[in-house]
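I opened the sequence and the 3D structure side by side and kept short notes. The entries follow the order in which I looked things up.

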Amino acid sequence: MSRLFDPKKIDKLNNPTRLEMIPPGHIWKIVNPAKHTDMVEIGAGTGLFSKAFQKLSGEGKTIAVDISEIMIDWMQQNIVPDNPDIIPIKTDGKTLPLLNESADFVFMITVHHELEDPKGILAEANRTLRSGGKILIIDWNMKDPEHGPSPDIRCNPDLVFRQLQSAGFHDITINKSLENFFIVFAEK
């Protein structure tokens, strides 16, 4: 079974219910990234959360990284025309094609369980973040096996905590304020 999201199900990524289940304003208050933030979304899909967080940030740019050419093309056609501060970039899934210390905030929404090499991507996120920058990981908890990915591939927030420690992050916080998801964030 593949861990990767099937691009043929692209409509699921644009379902407004996702913004109700993972409310961007709630997340923004918890993580409290700096205003005027340069951001990177890893596994951006259709850019739903890139767009929401870009609006909350007010300034800066958002690099929307994804491994799927279909997703990159979709964002170019449907997001970028009205949101020029969102820049879709294709990745190989192992590296972030970004400069060192080029972002203030890196985030992944329901992507961590898909990563082939979580430690490698977290090291890349650390490299990409400026000092004091923050990383946010939101993924499916084990409560609702009917929605989201198979329980076999879901990850535990304690594992994510340890992976962030190994990648050099500190002030790591696990937050369980969402019904179906866990939130883990940390600082470089």
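This is a predicted model: local features need pLDDT of at least 70, side-chain atom pairs count only at pLDDT 80 or more; totals for chains, interfaces and linings use all residues.

**Entry 1: the sheet.** I found 7 strands in an open sheet, in the order S3-S2-S1-S4-S5-S7-S6, with mixed pairing. Which strands are at the edges? I noted strand S3 (86–90) and S6, each of which pairs on one side only. I took down the average twist from one strand to the next as 15°. I also looked at helix H5 (residues 69–78), which lies across strand S2 (62–66) and S3 and runs at about 160° to S3.

**Entry 2: strand S4 and its neighbours.** I looked up how strand S1 (residues 39–42) meets S4: the two run parallel and are joined by 3 bridges. Across from Met39 I found Phe105 in S4, and across from Val40 I found Val106 in S4. I then checked S4 against S5, which pair in the parallel sense over 6 bridges. Here Val106 turned up again, with Ile135 as its bridge partner in S5. Is S4 enclosed or open? I noted that 6 of its 7 residues are buried, so S4 is largely enclosed by the rest of the structure.

**Entry 3: aromatic rings.** I went through the aromatic pairs and the count came to 7. I picked out Phe53 and Phe107, an edge-to-face pair at 4.7 Å centre to centre with 85° between the planes. This pair links distant parts of the chain: Phe53 is in helix H4 (residues 48–57) and Phe107 is in strand S4 (residues 103–109), 54 residues apart. I checked burial, and both Phe53 and Phe107 are buried. I also wrote down one aromatic cluster, made of Trp28, Phe49, Phe53, Phe105 and Phe107.

**Entry 4: helix H6.** How many residues of H6 are buried? I got 8 of the 11, so H6 is largely enclosed by the rest of the structure. My list of them reads Pro118, Gly120, Ile121, Leu122, Glu124, Ala125, Asn126 and Thr128. I looked up what these buried residues pack against and found S1, S4, S5 and H7.

**Entry 5: helix H7.** In helix H7 (residues 157–166) I marked Pro157, Val160, Gln163 and Leu164 as buried. Seen down the axis, the buried residues of H7 fall within an arc of 115°, so they line one face of the helix. I noted that their cover includes helix H6 (118–128), strand S5 (129–140), strand S6 (170–175) and strand S7 (181–187). I then looked at the ends. Asn156 caps the N-terminal end of H7, with a side-chain oxygen 2.6 Å from the backbone nitrogen of Asp158. After H7 comes Gly168, and I noted its positive phi, near 95°.

Entry 6: I placed Glu187 in strand S7. Its relative accessible area is 25%, and I wrote it down as partly exposed. Which residues does Glu187 touch, leaving out those up to four places away in sequence? I listed Gly132, Gly133, Lys134, Phe169, His170 and Asp171. Last, I checked the C-alpha atoms of Glu187 and Phe105, which are separated by 9.2 Å, although the two residues are 82 residues apart along the chain.

Notes:
Residues are numbered from 1 along each chain as its sequence is written. Side-chain values use heavy atoms; hydrogens and water are left out. Buried means under 20% relative accessible area, exposed over 50%, partly exposed in between (1.4 Å probe, protein chains only). Helices (H or I, at least four residues) and strands (E, at least two) are DSSP runs, numbered from the N terminus. The arc is that of the directions from the helix axis to the C-beta atoms. Contact means heavy atoms within 4.5 Å. A polar contact is a pair of N or O atoms within 3.5 Å; within protein, one must be able to donate a hydrogen and the other to accept it, and residues adjacent in sequence count only if both atoms are side-chain atoms. Rings of Phe, Tyr and Trp (its six-membered ring) pair if their centres lie within 6.5 Å; planes under 30 degrees apart count as stacked, over 60 as edge-to-face and the rest as tilted. Two strands pair if DSSP finds at least two bridges between them. Axes are lines fitted to C-alpha atoms, for helices over the stretch in contact, and angles run from 0 to 180 degrees between N-to-C directions.
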